[in-house]
Amino acid sequence: MIGLSSSSAGVLLLQKPGTDEYSVLDLVGAEKQDPVEAKFLYSAAQDWEEIEGTDANALLETATREYWLARTVSLLRLAIEGLEKPLEEEVFEHIEEILVSRVSSEKALDRLLVAPLRDPRSPLAPAKSALSHGFSTVASILHDLADLQPLLRRLTDLWLGLAATAFGRFSEPKEIIWTTIVENGELKQLLMASNSCRREFATKWNSLSFHFPTPQSRIGIQGLGEEFCRRLFPSEGEGEIITDSLTEEAESARRDRPAPEISDHEMFERAKKQIHAIAQAVSQGSDAKADKFLRELIQEQTLSPGGESYAVKSLCNIAKRCADMFRMDFELICLDKARELEPLDVWTLIQYGDHLKRVANFDHALEVFGRAERLGESVVAKSCAADVYSQQGDYARAIHAYEAIPEWRSNPSVRTAIADNLRRAGRLDESKAAYTSLIASAQQGLPEYAAAEVRARVGIAEIAKRQGQLEDALRTYRTILEQEEVDDQDRLFYRLGLCNVLKLMERFDEAHSVVDEVIHEYPFFMQARFIRGSILGLMDRELEGLEDLPESSAPRSLQEWVRRYYRGLLLLKLRRYSDAKTNLVEELSKAIASGEEKAILRMGAALWFLSKDEISEAAETLSDIPDLHDCHAQYLSLVLKMHSAALIEDHTKMNTLRERIAQLQVVDAGLEKTVAALDNRDFSLALRYETNALLKLAA
Amino acid sequence: MTLPTPSHQDTCPTCGASLCAAMRHCPTCRADAGAPNVRACRTDENLKVLTARFNDARTRASERGCSKEFSTLSDLISKESGVVVSMPAGVARGLLDSPNDLYVNYERLVGAKARKPADFDDDRRRCAVAGTLFGSYAKSIIYGALSLTGHGLPTYGSVHCRLRSVAIDKRTSFLETNSYRFIQDRGIVLGDDLPVGFKASWEHRHSLALAKIADRLSTGQTESDWQAIIIHSDGINRENDDFIEAHIYEGFDRNAIDSMVPSTGKKLSRDERLDQCIAIDKFTQLRRKAK
């Protein structure tokens with residue numbers, strides 16, 4: 001049966017069986033309307049839709065659902081544009097009611113993602129207002145909408161930049177294809193996948209095929225997906241379209257265009273502006289614009305003899321900015337281009353090696369740093385190689401490598417790195433002494449130590465956190481963040497450091513607010529999202545938390561394990577044991593993690609075994625955990641071991657562990673209660689406290 | 001006293017080619033010949049009869065000692081009257097939500113495929129009204145009412161939108177009464193010729209209004225009395241409405257709205273009331289921004 005519905009008019013035309021005649025049905029009251037009066041109905045010009053259903057009731061249900069969805073989206077859009085305060089509250093209340101009973105919030109959000117907002121932060125004020133009135137579902141949609149703007153802008157920019165030939169297989173116009181994607185494609189999930197990995201994105205994208213009627217258009221959709229994958233994940237695939245096109249255009253421009261007569265200073269000033277514009281475009285996800293500006297910059301800089309070296313410097317500058325905003329895809333594009341222009345430029349190699357380190361391609365990174373060292377940049381290359389050892393968890397080797405750098409004692413960066421590695425290795429006293437010495441050097445007025453002093457104070461705050469002195473750690477972070485001279489990139493990490501201290505102190509609202517701000521400023525920074533996911537889990541908002549921790553099949557990289565670890569814990573809280581196992585147990589052998597990180601992962605896996613009463617597996621996993629230097633982690637590991645002993649009623653072992661635990665400082669009151677719960681054999685309560693304690697770790 | 005039906009032929013003012021009365025653009029030179037509903041009002045025959053009716057009305061008013069009122073009202077309608085489209089609050093809210101959407105009438109949305117509503121009698125009635133008056137361009141007509149103020153007919157919706165004259169004056173025509181009643185009262189069926197002198201283009205709307213209401217003028221009447229005569233509605237039953245129907249060729253967007261006011265004294269559901277408040281709030285904001 002066929003029906004015609006219009007959401008803006010709020011009517012459904014139902015075809016009478018066996019005839020071409022229609023009756024007009026009002027969607028709100030489900031009442032038949034006088035067709036004569038129907039001529040006075042008005043509706044939006046483009047919202048007439050033919051729908052199919054088994055019978056009149058099915059059609060009415062579909063049309064009514066669509067009507068309420070359209071109404072919700074319209075009201076949300078109007079609220080974003082701004083309403084008078086009393087009216088705003090009433091509108092939020094109405095939307096919240098619709099979302100409870102008639103429309104899924106995911107659908108409403110997906111519809112709002114039809115195009116990027118002019119002001120990406122515009123949903124934040126109404127979100128705050130909605131939350132202050134207790135309309136949390138509305139607030140959550142608006143918040144997510146703001147959150148997703150950079151990802152949406154990047155995707156739509158790529159979409160608009162696709163050549164007409166990419167749509168050759170479709171009979172529908174480009175706009176209709178996009179509308180179909182928006183209406184059927186779970187856009188939020190698609191955008192999250194676009195910030196995850198190639199496989200994830202391809203899977204989501206290809207599921208869109210089902211919504212296209214012809215085999216040709218289905219092939220077309222898959223082709224578009226491949227094109228997107230190449231552009232979104234240049235380091236994961238074989239083709240690097242943007243880089244190729246840059247090369248061709250730059251080469252042809254160099255051949256064909258005469259060099260303009262402008263002074264070096266003018267060129268420098270212009271390049272500065274272009275670099276700023278490119279960085280801004282990348283930060284907003286406007287990749288097409290960034291591509292265009294990048295091409296222009298390279299064309300202009302390579303016109304004059306020797307201009308390649310200027311272009312390389314610009315590219316490295318942009319790459320650094322991209323890395324700072326966690327746009328590693330665009331960073332790689334810039335670095336590849338720079339390497340093409342000047343394959344032996346040592347700074348390009350060092351930046352490239354650093355990129356490889358961050359994506360956990362350690363062997364290749366060491367090889368590149370080795371090349372840079374042979375080209376004459378020995379100190380920096382050695383230091384970078386030492387960073388790689390540190391990331392691999394081989395702190396002793398890292399410290400050895402740092403100390404092999406000539407005159408390392410007078411190099412504040414190297415001394416800071418050594419102090420950091422001592423801390424990570426658990427040599428807390430030595431580490432603290434090293435930091436204190438750095439601070440002393442700074443206080444002697446040595447200007448090169450100014451930045452190192454802040455880093456040293458952060459290091460001491462981290463030691464205080466490990467030793468359970470949370471107030472001290474909190475105070476230090478707050479003091480540092482009040483200093484105006486702290487570099488933005490460093491400030492970002494200090495804010496996350498603060499957030500982790502707040503998490504341990506169970507000041508979850510504050511922690512959430514800190515990390516939330518970070519995400520708005522650095523929307524592509526997945527690490528911050530992982531932390532927010534864990535905080536939401538601690539606030540018993542597991543489903544929301546999982547949205548920040550999407551499933552990923554990306555190649556393993558640094559910190560990738562954190563996503564799976566937190567995800568597993570949230571799934572465990574939701575009693576989705578099978579999915580939790582995938583993330584907590586199966587991940588254990590695959591994760592790129594080391595030292596204490598590995599111990600944390602083991603505790604996560606052990607918790608899963610404990611939750612399923614798989615006692616021997618739990619005991620075996622826990623036996624691999626050494627004594628830990630972080631007092632919260634140590635406390636937790638002993639509690640888990642006690643849990644394992646309690647399950648088999650090994651009272652001797654329980655007593656030994658209880659005595660050891662009693663000697664430790666209590667950081668987490670929940671864990672203290674866990675001991676009592678285990679004594680009472682209340683394993684369910686113990687599991688709850690243990691899961692929360694694990695969520696406070698791994699930051 | 002008959003008017004050419006929409007199937008009659010006009011001549012293109014630019015190239016002289018023959019032009020169907022229902023078409024706006026010349027098929028030969030693509031010149032804009034003007035909205036077909038307006039062209040239908042500007043025929044010599046219609047203007048002649050309309051002018052005669054207006055003059056008769058003035059004579060009768062004068063005989064009753066209402067010359068001054070007649071002349072004042074004539075001026076008022078020429079200078080101050082406009083078209084008010086009344087619509088459900090949800091539609092008004094939607095109109096304010098989407099800056100690019102042109103609002104169009106039911107028939108255009110439904111299109112040829114669905115232009116066959118349920119009951120044959122109803123269908124025939126509806127087709128008889130729109131088809132008889134406008135032929136194939138019936139789907140392009142938006143209905144409103146002539147008004148001296150920002151208020152329209154509450155029976156058609158709880159939000160009254162007065163449209164900016166500049167946005168509609170070249171594509172709006174007027175019929176002396178509700179088109180359905182006009183056809184029904186005169187027993188007109190599809191294919192019949194239409195009586196002339198009962199339609200007017202924008203510049204002659206005062207003639208049409210006064211030809212209709214002159215006999216209801218009395219001395220000492222004010223503007224609000226005349227508004228009540230021009231638009232009469234009990235707010236409940238459309239059959240009791242009496243007004244001068246405006247026909248706007250093609251749709252309009254939110255920028256065409258000059259004022260938006262709520263309908264008073266009408267009981268609304270909570271959703272409708274909310275939509276009404278939102279529409280008026282957004283419209284006020286837009287006006288503030290525009291200034």
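User: Which residues of α18(A) and α19(A) meet in this predicted model?

Analyst: On the α18(A) side, Y395(A), A398(A), I399(A) and Y402(A) take part, and they meet V414(A), A417(A), I418(A), N421(A), L422(A) and R424(A) of α19(A). By class, this contact comprises 8 nonpolar, 1 polar and 1 charged residues.

User: What makes α18(A) roughly antiparallel to α19(A)?

Analyst: Helix α18 (residues 395-403) and helix α19 (residues 412-424) of chain A pack at an angle of about 165 degrees, their axes being 9 Å apart. Angles over 145 degrees count as roughly antiparallel, and α18(A) is therefore roughly antiparallel to α19(A). The crossing of α18(A) and α19(A) is left-handed.

User: How many helices and strands does chain A have, and what percentage of its residues is buried?

Analyst: Chain A has 34 helices and 6 strands. Of its 699 residues, 49% are buried.

User: Why is E506(A) called partly exposed?

Analyst: E506(A) has 14 C-beta neighbours inside 10 Å. A residue is buried at 20 or more and exposed at 12 or fewer, with partly exposed in between; E506(A) therefore counts as partly exposed. Its place is in the loop between α23 (488-504) and α24 (508-521) of chain A.

User: Where in chain B is E250(B), and why does it count as partly exposed?

Analyst: E250(B) is in the loop between β11 (245-249) and β12 (257-262) of chain B. Its count is 16 C-beta neighbours inside 10 Å, so E250(B) is classed as partly exposed. Phi of E250(B) is also positive, near 75 degrees, in a residue other than glycine.

User: How do you know that strand β7 of chain B is largely enclosed by the rest of the structure?

Analyst: In β7 (residues 159-163) of chain B, 5 of the 5 residues are buried, so the strand is largely enclosed by the rest of the structure. Both faces are covered: V159(B), C161(B) and L163(B) are buried on one side, and H160(B) and R162(B) on the other. In a regular strand the side chains alternate between the two faces of the sheet.

User: Which strands pair with β7(B), and in what sense?

Analyst: Strand β4 (residues 82-87) of chain B pairs with β7(B) in the antiparallel sense over 4 bridges, with S86(B) as the bridge partner of H160(B). β12(B) also pairs with β7(B) in the antiparallel sense, over 5 bridges; there, I257(B) stands opposite L163(B).

Notes:
Residues numbered from 1 in each chain as written. Chains lettered and ligands numbered in written order. Predicted model: local features only at pLDDT ≥ 70, side-chain atom pairs only at ≥ 80, totals over all residues. Helix = DSSP H or I, 4+ residues; strand = E, 2+ residues; numbered from the N terminus. Pairing = 2+ DSSP bridges. Axes fitted to C-alpha atoms, helices over the stretch in contact; angles between N-to-C directions. Parallel < 35°, antiparallel > 145°, perpendicular 65-115°, else oblique. Left-handed = near helix turned anticlockwise from the far one by under 90°. Contact = placed C-beta atoms within 7 Å. Nonpolar A, V, L, I, M, F, W, Y, C, P; charged D, E, K, R; others polar.
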